Amino acid sequence: MLLFATGGQLLSTDLRIFGPLYGNMEVKRLSTREITPEGFIAEHWTPGLPLVFTDAAHVWKAHGTFSPDWFREHFGDRTTVVDGRTYAMKEIMDLVEGKDTSRPVPYPIKYHIPAQLPELIDLITPINLGYAQPNWMESNWFARGNWGNALELFIGGPGGKFPYVHLDYYHLSAWVTQLYGNKEFTVWPRGQERYLYPDPNDPWRSVIPDIEHVDLKKFPLYERATPIKFVVGPGETLFIPFGIWHTAKSLEPTISVAFDLLNGRNFPDFVKDVWGFRRNGNKVKAAAITGYAVLAGSMCRIGDMMGVKRDSRRA
Ligand SMILES: O=C(O)CCC(=O)C(=O)O
Ligand SMILES: [Fe+2]
């Protein structure tokens, strides 16, 4: 953050110091015709303001291709585990489309794309959509670690709610592209943590059990929160900057692709988390992993300076 002192006033290149602006935060929807990658960095990534791209993912072959039937046909037997139970893709699609009503529909149902559905990678290239870059998560330096780094397929049925309001771990910024069906997102402007009651044992999650029916006797400060709700539809991409509390609800059968963004801007916070999540365990191991993260980040920073192009097709 750059601060300039001018006649006793502080000016900032980082809008975060103007807290009240966030109280009125709106989530813009923009076409790629209306915002350049440089404009995205200046107006959304740097100040940390969410954005819905209406058409950035239209470059993906997956746009207009992914549907329950397409997954039944191509990956019907591919399994994943949700809450300790194994489901095949065709069972999942029957559940989310209401063809099987014999048991509850869990949410979220996830596949880790590089490990469980690597065939999809070609259909979601370039993963960065021309905007989520540089992304150090695409470099081999970070691909090997387990940093909360994810490239995931999310599947949901009508009314499927993400189980809690949260911040993403490791200060990663999230990109969620809807490829089928509408999903409702709720975000809270920065500075409202207090109203959301972070869990003291896991301060990345709110303890409020159902954000649609908040018990104000138990959580009185929530009355001051200003949630912003909006729907992301097929072909649209939501950018959720690090530090923005959020949650989601599938309004109908939905299929989405989510990935994380890490680069020089969120890296200092990322490193603190790499240490912070491990410091209570084996200190030597925690120090080694944190040291590795610092080295990997330095290599990526040098790579950025040299204009290295990262290959998102790596599995
Ligand atoms: O699409 C969703 O359900 C939201 C996912 C999310 O926020 C997360 O995985 O961290
Ligand atoms: Fe999240």
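**Entry 1. Terms and overview**

I take two strands as paired if DSSP finds at least two bridges between them. With that settled, I looked up Thr186, which stands opposite Thr247 in S15. The model I am reading is a predicted one. I noted nine helices and 16 strands in the protein. Of its 315 residues, 35% count as buried. I also looked up how far contacts reach along the chain: among contacts between residues at least 6 apart in sequence, 79% join residues at least 24 apart.

**Entry 2. The sheet of three strands**

I returned to the strands on either side of the Thr186 and Thr247 pair. Strand S10, residues 183-188, pairs with S15 in the antiparallel sense, and I recorded six bridges for them. These two strands belong to an open sheet of three, ordered S13-S10-S15, with antiparallel pairing. I asked which strands stand at the edges of this sheet. They are S13 (228-232) and S15 (245-250); each has a single partner strand, so one side of each is left without a neighbour in the sheet. Direction ignored, neighbouring strands here are turned by 25° against each other on average.

**Entry 3. The sheet of seven strands**

I then traced an open sheet of seven strands, whose order is S3-S4-S14-S9-S16-S8-S7 and whose pairing is mixed. Its edges are held by S3 (28-30) and S7, each with a single partner strand, so one side of each lacks a neighbour in the sheet. At the S7 end I checked the pairing with strand S8 (residues 151-156): it is antiparallel and runs over four bridges. Within S8, Leu153 is the residue opposite Tyr111.

**Entry 4. The surroundings of ligand 1**

I listed the residues around ligand 1: Pro108, Phe154, Phe162, Asp168, Ala174, Val176, His246, Ala248, Ser256 and Ala258. How many of the shell residues are nonpolar, polar and charged? I recorded seven nonpolar, two polar and one charged. I next looked for the strands that supply the shell, and found that S9 (173-180), S15 and S16 (254-261) each give at least two residues.

**Entry 5. Cis peptide bonds**

Pro108 of the ligand shell called for a second look. A cis peptide bond joins Tyr107 to Pro108, with omega about -5°. Pro108 lies in the loop between helix H4 (89-96) and strand S7 (109-112). I found a cis peptide bond between Gln133 and Pro134 as well, with omega about 0°. Pro134 is placed in the loop between helix H5 (113-116) and H6. As background I note that most peptide bonds are trans.

**Entry 6. Positive phi**

In the loop that holds Pro134, between H5 and H6, I also located Leu129. Its phi is near 55°, a positive value in a residue other than glycine. Is Leu129 buried or exposed? It has 24 C-beta neighbours inside 10 Å and therefore counts as buried, the cut-off being 20 or more.

Asp83 is not a glycine either, and its phi is positive at about 45°. I placed Asp83 in the loop between S5 and strand S6 (85-88). Asp83 counts as exposed, because I find 7 C-beta neighbours inside 10 Å.

**Entry 7. Asp77**

I looked up Asp77 in the loop between helix H3 (68-75) and strand S5 (79-82). Asp77 has 9 C-beta neighbours inside 10 Å and so counts as exposed. Neighbours within four places in sequence aside, its contacts are Ala88 and Met89. I also took the C-alpha to C-alpha distance from Asp77 to Glu91: it is 8.7 Å, for a separation of 14 residues in sequence.

**Entry 8. Helix H9**

I checked the length of H9 (residues 283-305). At 1.5 Å a residue, its 23 residues should span 33 Å, and the end C-alpha atoms are 33 Å apart, which agrees. Ala293, Ala296, Gly297 and Cys300 of H9 are buried. An α-helix has 3.6 residues a turn, so residues three or four places apart point the same way. I then asked what covers the buried residues of H9. The cover includes helix H6 (140-143) and helix H8 (267-276). H9 is followed by Gly307, whose phi is positive, near 75°.

Conventions: Residues are numbered from 1 along each chain as its sequence is written. Chains are lettered from A and ligands numbered from 1 in the order in which they are written. This is a predicted model: local features need pLDDT of at least 70, side-chain atom pairs count only at pLDDT 80 or more; totals for chains, interfaces and linings use all residues. Axes are lines fitted to C-alpha atoms, for helices over the stretch in contact, and angles run from 0 to 180 degrees between N-to-C directions. The expected span of a helix is 1.5 Å times one less than its number of residues. A residue is buried if 20 or more other C-beta atoms lie within 10 Å of its own, exposed if 12 or fewer, and partly exposed in between; C-beta atoms are placed from the backbone. Two residues are in contact if their C-beta atoms, placed from the backbone, lie within 7 Å. A residue is near a molecule or strand if its C-beta atom, placed from the backbone, lies within 6 Å of it. Ala, Val, Leu, Ile, Met, Phe, Trp, Tyr, Cys and Pro count as nonpolar, Asp, Glu, Lys and Arg as charged, and the others, Gly among them, as polar.
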